[in-house]
Structure formats: structure tokens, C-alpha cells
Amino acid sequence: SLCCGGGGGHAWREIPRAKRLSVLRVRQALSSGADIIATACPLCMHMLDDAVQTMHVDDRIKVRDLVDLLYRSLEMKADVPLPADQTDAVQEVCHA
């Protein structure tokens, strides 16, 4: 898969905007109709958010951390109790 370019040192290089991998990735996401780009990589967060800001498309698409999206989805379901037989399993995973 094609990354944002941050892992290849592109975060510290001066590359023309049109040739940045992060700009390419944002263009691909926009053309797919996505309104959120989700990532778990801190370099991708930085690179993709910079591309969104540079392209002035922050009103059309947002870059979000995968953990933040997970948290928000759980927060919306906070009133739904976890089944009793799964409570211990979750506890074990969290402390493994």
C-alpha cells in the first residue's frame, strides 16, 4: 500500500505540494467520497493533516486517529451494558 510519505523521511524534505504522497492520498480519499481519513500512525496524522490544510479542503475531509474514532463510537453506546459473560474477558485483555 502507498503510505503518506512520512515514514520515508518526506516529513523533513521540501517537496513541491503537487508531488507529495500525502496530497496524493488526500486526493484519493476525496475522489472516493470519504469525509474522514482514519489512521493509527502519528506520522500519517501529521502528514495527512498538513496536506488537508495545504489543499484548503478541511471543510470537506478530516484526518482522525483510529483510537479517537473508536472512543467516539463507544461513547455513543455508553448506555449499552456489556454482557456479564464478556466483562471478565475484556478485563483480561486490558491487563494482559
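His56 sits in the loop between helix H2 and strand S2, the latter spanning 62–65, in what is a predicted model. The protein chain as a whole holds four helices and two strands, and these elements follow one another along the sequence in the pattern α-β-α-β-α-α.

**The chain overall**

- Of the 96 residues in the protein chain, 21% are buried.
- The accessible surface of the protein chain amounts to about 7,100 Å², and carbon and sulfur atoms contribute 56% of it.

**How helices H1 and H2 meet**

- Helix H1, made of residues 21–32, packs against helix H2, made of residues 42–55, at an angle of about 75° and with the two axes 8 Å apart.
- Because angles of 65 to 115 degrees count as roughly perpendicular, H1 and H2 are described as roughly perpendicular to each other.
- On the H1 side the contact is made by Ser22, Val23, Arg25, Val26, Arg27 and Leu30, while H2 contributes Met47, Leu48, Ala51, Val52 and Met55.
- Sorted by class, the contact of H1 with H2 comprises eight nonpolar residues, one polar residue and two charged residues.
- Leu24 also belongs to helix H1, and with a relative accessibility of 34% Leu24 counts as partly exposed.
- Although Leu24 and Ala51 are 27 residues apart along the chain, their C-alpha atoms are separated by 8.9 Å.

**The segment before H1**

- Ala18 is found in the segment before H1, and Ala18 counts as exposed because its relative accessibility is 55%, the cut-off for exposed being over 50%.
- Ala18 and Met55 are 37 residues apart in sequence, and the distance between them in space is 9.7 Å from C-alpha to C-alpha; Met55 is also one of the H2 residues that make the contact with H1.

- Thr39 has its place in strand S1, which covers residues 36–39, and at 10% relative accessibility Thr39 counts as buried, since buried means under 20% relative accessible area.
- Once neighbours within four places in sequence are left aside, the residues in contact with Thr39 are Cys44, Met45, Val63, Arg64, Asp65 and Leu66.
- The side chain of Thr39 also reaches the backbone nitrogen of Cys41, at a distance of 3.1 Å.
- Cys41 itself lies in the loop between S1 and H2, where Cys41 counts as partly exposed at 27% relative accessibility.

**A closer look at His56**

- Most residues other than glycine have a negative phi.
- His56, by comparison, has a positive phi of about 60° although it is not a glycine.
- With a relative accessible area of 63%, His56 is exposed, and its place is in the loop between H2 and strand S2.

Methods: Residues are numbered from 1 along each chain as its sequence is written. This is a predicted model: local features need pLDDT of at least 70, side-chain atom pairs count only at pLDDT 80 or more; totals for chains, interfaces and linings use all residues. Side-chain values use heavy atoms; hydrogens and water are left out. Buried means under 20% relative accessible area, exposed over 50%, partly exposed in between (1.4 Å probe, protein chains only). Accessible areas come from the Shrake-Rupley method with a 1.4 Å probe; for residues, only the protein chains shown count as cover. Axes are lines fitted to C-alpha atoms, for helices over the stretch in contact, and angles run from 0 to 180 degrees between N-to-C directions. Angles under 35 degrees count as roughly parallel, over 145 as roughly antiparallel, 65 to 115 as roughly perpendicular and the rest as oblique. Contact means heavy atoms within 4.5 Å. Ala, Val, Leu, Ile, Met, Phe, Trp, Tyr, Cys and Pro count as nonpolar, Asp, Glu, Lys and Arg as charged, and the others, Gly among them, as polar. A polar contact is a pair of N or O atoms within 3.5 Å; within protein, one must be able to donate a hydrogen and the other to accept it, and residues adjacent in sequence count only if both atoms are side-chain atoms.
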